[in-house]
Amino acid sequence: MNKILIVSALYQEIEAVEHYIEGKSDWKKISANWYVNDKSKKEVFVKVLGVGKVNAAIGTTDAINQVNPDLIVNVGVAGGLDDKLSVGSLVIGTDYVQVDLKTILPENMPVINDTPDYIIEKLSEIAKKKALDYKTGRIATGDFVLYEGRKRRQIKREYNPLAFDMETAAVAQVATAKGIDFVGIRSFSDMANKKTITKLSSNIQKGKNQELRKKVFSEPVELILDYIDIA
């Protein structure tokens, strides 16, 4: 039976798993974070890791020891770095980089495998059928909230990523070390700048744009669950 581990930093980024699976007759809930499809012989485990690279690495390692998955998927929100995309857009990760890890010796840099092409191709096929606004590309990770203009430009210039978050590359590094396939799927809650982050914070406090908020949190989950159903 194939085992898929879906992880996120926050509960809000993963709660759509249960709601989406409830509408699929072949799936059943075994426990609070464990779902089984006897027909396709697949199991899905979900885990909330907490925010930041250390929490991501510890939580992922613990989950691997518990579940021994065949695939790890990190879902959640991110700051957008592609100016042709917008809030609500989606990125399917192809490769991952930590932007705040600097070392003198190149051999001390972490080894992080790219996502296998066949996973990217199938996810892209599903995203097109669902008419999602998406791109495939690099996801950058660092232990800070990115909003300052100079830092944003520097990261874009040096690493050329589509998105920035605080966990994905750390989860990908652990998956690589354990020899497990990995993909990150992130939706844009903001565009990694002061204007959109301020607007996001204000909207959350005032309860505005709930439909957009629901879309941002649910689309990465729905995409990977559709992939699991047909993979």
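Reader: How many of the 10 residues of helix 5 are buried?
Author: Helix 5 covers residues 168-177; helices (H or I, at least four residues) and strands (E, at least two) are DSSP runs, numbered from the N terminus. Buried means under 20% relative accessible area, exposed over 50%, and partly exposed in between (1.4 Å probe, protein chains only). The buried residues include Ala169, Val171 and Val174. Helix 5 is mostly covered, and its buried count is eight.

Reader: What kind of model is this?
Author: Residues are numbered from 1 along each chain as its sequence is written, and side-chain values use heavy atoms, with hydrogens and water left out. Local features need pLDDT of at least 70, side-chain atom pairs count only at pLDDT 80 or more, and totals for chains, interfaces and linings use all residues; the model is predicted.

Reader: Which residue just after helix 5 takes a positive phi?
Author: Look just past the end of helix 5. Phi there is about 70°, and the residue is glycine 179.

Reader: Where does alanine 192 lie?
Author: Phi of alanine 192 is near 55°, a positive value in a residue other than glycine. Alanine 192 counts as buried because its relative accessibility is 1%. Its place is the loop between strand 9 (181-190) and helix 6 (194-206).

Reader: Which residues does valine 73 contact, leaving aside neighbours within four places in sequence?
Author: Contact means heavy atoms within 4.5 Å. Valine 73 is among the residues that touch the most other members of the largest nonpolar core, which has 56 residues. Such a core is a set of buried Ala, Val, Leu, Ile, Met, Phe, Trp, Tyr and Cys residues joined through side-chain atoms within 4.5 Å. The contacts of valine 73 are Ile4, Leu5, Ile6, Val7, Val183, Ile185 and Ile224.

Reader: Is aspartate 226 buried or exposed?
Author: Aspartate 226 sits in helix 7 (residues 210-230). Beyond four places in sequence, it touches Tyr20, Lys24, Ile126 and Lys130. Its relative accessible area is 15%, so aspartate 226 is buried.

Reader: Which side chain makes a polar contact with the side chain of aspartate 226?
Author: A polar contact is a pair of N or O atoms within 3.5 Å; within protein, one must be able to donate a hydrogen and the other to accept it, and residues adjacent in sequence count only if both atoms are side-chain atoms. For aspartate 226 the distance is 3.0 Å, and the partner is tyrosine 20.

Reader: Which backbone nitrogens does the side chain of asparagine 37 reach?
Author: Asparagine 37 lies in strand 3. It is buried because its relative accessible area is 3%. Its side chain is 3.0 Å from the backbone nitrogen of lysine 39, and a polar atom of that side chain also lies 3.0 Å from the backbone nitrogen of serine 40.

Reader: Which element gives the most to the lining of the second largest pocket?
Author: Strand 1 (2-8), helix 3 (117-129) and helix 7 each supply at least two lining residues. With three residues, the top contributor is strand 1.
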